[in-house]
Each structure stands twice: as structure tokens, then as C-alpha cells.
Amino acid sequence: NINTIRVEMSISGRCNPYGRLAKATVVLLLASLTQLLAIFPTNVDGFQLNRNSHCNDFSRRLQGTRHTTVTGSSLSLSPADLEVIPPSYQLAIGTLALGAAFGLPNSPLKNKITPYLAGIPLLLFGLFIAFQTTTLRFTFSDSNFSLVKSDLTTTGENLVVGGENSWSYKSFVNYDFFPSRSFPILVYFKETQTPEEMWNTGPGEQANSPEAIAKGAKPGQVHFFPAIGNVEQMAKGFEKNACAKI
């Protein structure tokens with residue numbers, strides 16, 4: 001069993017192909033937009049595990065930094081010790097194509113209002129995803145999974161739950177890809193590094209509910225990110241670094 005997030009995020013097999021794609025894109029819009037906005041650069045200089053500054057020197061380029069202190073321990077940040085996941089534009093292209101389908105003549109998704117209610121928002125969101133695919137990278141170090149800028153500098157503090165956009169492998173309690181690893185739209189993981197008082201923020205309220213725990217879920221902080229990196233390499237990185245998975 002996986003926790004209730006999978007149940008809520010699963011795409012019904014009864015939907016037609018167009019409906020599945022549309023429904024999956026709506027899931028992407030709702031679940032990842034907040035996360036994307038949360039990692040826009042701020043005036044915070046360096047990753048943090050809470051709202052106090054612990055790692056101001058982290059904002060130096062990883063290429064030029066040999067070691068820095070994160071949560072009281074030394075982390076090697078030289079490029080030789082980093083695996084940078086290459087970007088994937090499949091999600092951006094798919095979102096743009098779906099947006100265009102709502103306005104194309106003879107499209108089964110087109111009617112008088114869909115170009116305005118769905119087509120234009122999806123096209124704009126597709127451009128936004130393309131921008132984030134270009135400017136952000138997922139990385140694996142010897143101890144942490146992180147989200148950084150494409151030049152390997154910090155993205156700043158997460159504005160939703162606070163703390164750094166870098167998570168210890170030991171803190172993982174689950175990860176997955178939605179709706180599937182072969183058709184990835186969202187990267188999902190849950191960790192316990194974030195202070196416990198933040199765990200019920202957003203979808204965490206349901207993911208950490210007594211019902212979810214009874215079904216086998218592990219308590220922790222939920223994260224969703226759009227699949228803007230190569231998912232196969234990301235999955236192998238999680239497996240290689242022994243990230244916990246239900």
C-alpha cells in the first residue's frame with residue numbers, strides 16, 4: 001500500500017485518453033504551482049532548515065565551494081560529488097500541446113469556451129513550466145536530494161513550509177511519481193526533516209490523517225514538484241541512495 005496521496009492523485013482508467021490527459025494536467029496545476037512559486041529566489045541568502053539563517057555561505061556556486069555547513073554537518077559540494085539530473089521538456093511540451101488542443105478546429109476538446117477557460121491558461125502554464133525546466137535542476141549529493149538553480153546556486157528558502165530545498169536521504173519516508181513512472185507528471189516525496197509542526201500544511205493534512213496512517217502511510221512533510229527533470233535518472237538516484245519507499 002502507498003498512502004492516500006496515491007489514491008487521490010491516481011488517474012482513473014475509465015477516462016478516455018483525452019480525459020486522462022486533461023485530468024492529469026489539472027492535477028499538475030493544483031499540486032505543483034504552489035511548490036513552483038515557493039522556490040522562486042528570495043532575499044534569503046542560503047538554504048535553511050528553519051527561518052533562522054544557518055547556511056549563508058551556501059549561495060556561493062557549488063563549483064567554487066569545497067565544503068559548507070548544513071544542519072551542523074559538513075557537506076562536500078564539489079561538482080565531482082554531485083549528480084545533476086538533466087532537464088526534461090516533455091511535461092512543458094505536453095502541457096502546451098494540450099492547451100493548443102482546446103483551441104484547434106475539430107478537436108474533441110474544443111467548444112465555444114474551452115479556448116478561454118482551458119486553452120490559454122494551459123498555454124501560459126506550459127510556458128511557465130518550460131521556464132522552470134530551463135532554470136532549475138534536481139541534484140543528488142553524497143547525502144542530500146536538492147533543488148537548485150541551473151547554475152547550481154541556491155533557490156532560497158521554501159516560502160510554503162520554510163527551510164531549505166535540500167533534504168537528507170535519511171529523512172525520506174516515501175517517494176513516487178504520478179500518475180506513474182512511465183508517464184510522470186509529478187515527483188512526490190515525503191520527509192521528516194521539516195519541523196513536525198509544518199507537516200499538515202496543504203496536502204499534508206490528508207496525507208498524515210489517522211485514516212492515511214492506518215492504511216500504511218508514514219507521517220512527514222509532503223512535497224510535489226512537476227517532473228521537469230529526467231525521471232528515470234531521478235528514480236535511479238533515489239534507489240541508489242536508499243531513499244525509503246512504501
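Predicted model: local features only at pLDDT ≥ 70, side-chain atom pairs only at ≥ 80, totals over all residues.
With residues within four places set aside, its partners are Glu83, Val84, Ile85, Phe145, Ser146, Leu147, Phe225, Pro226, Ile228, Gly229 and Met234. A second, separate core of 6 residues includes Leu98, Ala101, Phe102 and Leu109.

Phe138 also belongs to the largest nonpolar core, which has 34 residues. Phe138, Phe145, Phe172, Phe177, Met234 and Phe238 have the most contacts inside this core. Two or more residues come from each of α3 (90-101), α4 (114-135), β4 (136-140), β5 (144-149), β7 (172-179), β8 (184-191), β9 (221-226) and α7 (231-240). The top contributor is β8, with 5 residues. In soluble globular proteins, nonpolar side chains tend to be buried together.

Strands β4 and β5 also form part of an open sheet. This sheet has 4 strands in the order β3-β4-β5-β6, and the pairing is antiparallel. Its edges are β3 (83-84) and β6 (166-168), each of which pairs on one side only. Between β3 and β4, the antiparallel pairing spans 2 bridges. Glu83 has Phe140 of β4 as its bridge partner. Glu83 is also among the contacts of Phe138.

Helix α4 lies across β4 and β5 and runs at about 45° to β4. Helix α7 packs on the sheet, where it touches β3, β4 and β5. The direction of α7 makes about 30° with that of β4. Both α4 and α7 are among the elements that give two or more residues to the 34-residue core.

Key
Residues numbered from 1 in each chain as written. Heavy atoms only, no water. Core = buried A, V, L, I, M, F, W, Y, C linked by side-chain atoms within 4.5 Å. Buried < 20%, exposed > 50% of the residue type's maximum accessible area, 1.4 Å probe, protein only. Contact = heavy atoms within 4.5 Å. Pairing = 2+ DSSP bridges. Axes fitted to C-alpha atoms, helices over the stretch in contact; angles between N-to-C directions.
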